[in-house]
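Here is a briefing on a single protein chain. Start with the view below, then read on by topic.

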Amino acid sequence: MDAYRSIPWVFVMFILVIVVSQIIVFVHFPYHGIPVFALSRDRPWGIITSWLAHTRPEHISYNITYIGGFSMVIVFLHTVIVYLLIRMCNMRELVVRNWSRMHDRLIVLNTMLAHIVPSIGQYIRDLDKGVPICGSSLMAFGLFGCLFPLSAYLITIPIVRMFRNRIRTFHYVSTIIFSILLMVIIVSIQLNSENFLKVMGYGSPRANVRGHIMAFACGLIIEYIGLSMLNLRYFKRTQKLR
């Protein structure tokens, strides 16, 4: 499989549109687009559009940096996984290409839901009148959450390959190992909850900590479920590894 085909191009173009749109709104709209796009009680459409508006240059620069950084790591992990599935596990190229295409769309959907789901929750419960919510940090933390299942899946592949003589089907064993590794990661986060909360913005007066945690959880859960379903769908017929 050619290198350029293994890159999740839909996700890459989606992130570029996200970044460019934010810059255009910040530079050309009055008050950086807050009166139009921010989430408030009288602007429920902000559930979908609040990522476009930012309060100050530092706000947008931090969010773009985090979104860009996490996205590059996700693209790298996705590309390496595709390579390992073909080279290390001897998967059929057509099957892996279909997996790659569907996972490409999964991380786009994941990024969108990581913003929309917490925004709905905040609109229903946490939104104070006169205090609009804006910024794309929810997308950033959703991508951050997405990294953990993706990393666990990457580690799973060489482990499965190591025990190939005892494995008859790839999809069941890899899903079990993948789930165990992810549980180890989650337990590690719980044991270091204080540091985790600091990463989520706890202690910063302007940080949307609850929204960040919800976005992180959303990204992690959706990516885990999506990877598990793709694994079972595309590699169910894979026989004993060679």
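A polar contact is a pair of N or O atoms within 3.5 Å; inside protein, one atom must be able to donate a hydrogen and the other to accept it. By that rule, the side chains of H54 and N63 are joined by a polar contact of 3.2 Å. The model is predicted. The chain is built from ten helices and zero strands.

**Overall build and confidence**

- The chain has 242 residues, and 48% of them are buried.
- Read from the N terminus, the order of elements is α-α-α-α-α-α-α-α-α-α.
- Take the contacts between residues at least 6 apart in sequence: 80% of them join residues at least 24 apart.
- Mean pLDDT for the chain is 84, and 88% of residues reach 70 or more.
- Helix α2 (residues 9–28) has the highest mean pLDDT among the elements, at 95.
- Helix α1 (residues 3–6) has the lowest, at 66.
- Where pLDDT is low, the predicted coordinates should not be read in detail.

- H54 sits in the loop between α4 (46–49) and α5 (57–87).
- Is H54 buried or exposed? Its relative accessible area is 0%, so H54 is buried.
- Which side chain besides that of N63 makes a polar contact with the H54 side chain? The side chain of Q22 does, at 3.2 Å.
- Leaving aside neighbours within four places in sequence, H54 is in contact with Q22, F26, H32, I34, H59, I60, N63, C134, G135 and S136.

**The loop between α2 and α3**

- Y31 lies in the loop between α2 and α3 (34–37).
- The phi of Y31 is positive, about 55°, although Y31 is not a glycine.
- Y31 has a relative accessible area of 66%; the cut-off for exposed is over 50%, so Y31 counts as exposed.
- H32 is also placed in the loop between α2 and α3.
- H32 has a positive phi too, about 60°, and is not a glycine either.
- H32 is partly exposed, with a relative accessible area of 26%.

**The largest pocket**

- What is the volume of the largest pocket? The volume is about 910 Å³.
- Its lining has 34 residues, and the closest to the pocket centre are S137, R206, A207, N208 and H212.
- By type, the lining residues divide into 16 nonpolar, 13 polar and five charged.

**Helix α6: N110**

- N110 is part of helix α6.
- At 2% relative accessibility, N110 falls under the 20% cut-off, so N110 counts as buried.
- What does N110 touch beyond its neighbours within four places in sequence? N110 is in contact with C146, C218, G219, I222 and E223.

**Helix α8: S188**

- S188 belongs to helix α8 (residues 170–191).
- A polar atom of the S188 side chain lies 2.8 Å from the backbone oxygen of V184.
- S188 is partly exposed, with a relative accessible area of 36%.

**Helix α10: I225**

- I225 is found in helix α10.
- I225 is partly exposed, at 43% relative accessible area.
- I225 and S179 are 46 residues apart along the chain, and their C-alpha atoms are separated by 10.0 Å.

**Helix α4: T49**

- T49 lies in helix α4.
- Why does T49 count as buried? Its relative accessible area is 18%, and buried means under 20%.
- T49 and G33 are 16 residues apart in sequence. In space they are 10.0 Å apart, C-alpha to C-alpha.

How values were computed. Residues numbered from 1 in each chain as written. Heavy atoms only, no water. pLDDT = per-residue confidence, 0-100. Helix = DSSP H or I, 4+ residues; strand = E, 2+ residues; numbered from the N terminus. Buried < 20%, exposed > 50% of the residue type's maximum accessible area, 1.4 Å probe, protein only. Contact = heavy atoms within 4.5 Å. 1 Å grid on protein atoms, 1.4 Å probe; cavity = no way out; pocket = protein on both sides within 12 Å on 5 of 7 lines; lining within 4 Å. Points joined across faces, edges and corners; volume = space filled by probe spheres on them. Nonpolar A, V, L, I, M, F, W, Y, C, P; charged D, E, K, R; others polar.
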